[in-house]
Amino acid sequence: MPVLMVRSEVKAENVADVEAAVEKVFAAIHEAQPAGVRYATAKLSDGVTFLAVLELDDPKANPLVGLPAFTEFQADVEQWMAEPPTAEQLTVVGSYALF
């Protein structure tokens, strides 16, 4: 199953904003418990690069876009970016309880 990976470098002064917004998104996801979604966000060791990984059972129907916290994050994140994010499709060739 394909997995989307998005790598985003944010401005150093906006790291706390991004972290707070990500926490809000995940609180909304935990509350809504959408089916067919596996999603994670991590901050890399440089302190300004975030990596988001998303797998959907149905790639044509992303239930996250129906969550206000997610759409707010999508709208706000552009102003926090140091450069445009890069997105890549991954094909999982092995996984243990992650995908």
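**Ground rules.** I number residues from 1 along each chain as its sequence is written, and side-chain values use heavy atoms, with hydrogens and water left out. Because the model is predicted, local features need pLDDT of at least 70 and side-chain atom pairs count only at pLDDT 80 or more, while totals for chains, interfaces and linings use all residues.

**Entry 1, aromatic rings.** I looked for pairs among rings of Phe, Tyr and Trp (its six-membered ring), taking centres within 6.5 Å as a pair; planes under 30 degrees apart count as stacked, over 60 as edge-to-face and the rest as tilted. The count comes to two aromatic pairs. F26 and Y39 are stacked, at 5.1 Å centre to centre with 15° between the planes. F26 lies in helix α1 (residues 15-32) and Y39 in strand β2 (residues 37-43), so this pair ties together parts that are 13 residues apart in sequence. I take helices (H or I, at least four residues) and strands (E, at least two) as DSSP runs, numbered from the N terminus.

I then checked burial, where buried means under 20% relative accessible area, exposed over 50% and partly exposed in between (1.4 Å probe, protein chains only). F26 is buried at 18%, whereas Y39 is partly exposed at 22%. What arrangement do the rings of Y39 and F70 have? Their centres are 6.4 Å apart and their planes stand at 75°, so I noted the pair as edge-to-face. It links distant parts of the chain, with Y39 in strand β2 and F70 in helix α2 (residues 68-80), 31 residues apart. F70 is buried, with a relative accessible area of 8%. I wrote down F26, Y39 and F70 as one aromatic cluster.

**Entry 2, the helices.** Two packed helices are described by the angle between their axes and the distance between the axes. I used lines fitted to C-alpha atoms over the stretch in contact, with angles from 0 to 180 degrees between N-to-C directions. The axes of α1 and α2 come within 9 Å and cross at roughly 165°. Contact here means heavy atoms within 4.5 Å. On the α1 side I listed D17, V18, A21, V22, K24, V25 and A28, and on the α2 side A69, F70, E72, F73 and W80.

T71 lies in helix α2 and is partly exposed at 38% relative accessibility. I found T71 and V25 to be 46 residues apart in sequence and 9.0 Å apart in space, C-alpha to C-alpha.

I placed T49 in strand β3 (residues 49-56). Is T49 buried or exposed? T49 is buried, at 3% relative accessibility. Not counting residues up to four places away in sequence, T49 touches R7, S8, E9, A42, K43 and L44.

Most residues other than glycine have a negative phi. Q33 is not a glycine, yet I read a positive phi of about 45° for this residue. Q33 sits in the loop between α1 and β2 and is exposed, at 62% relative accessibility.
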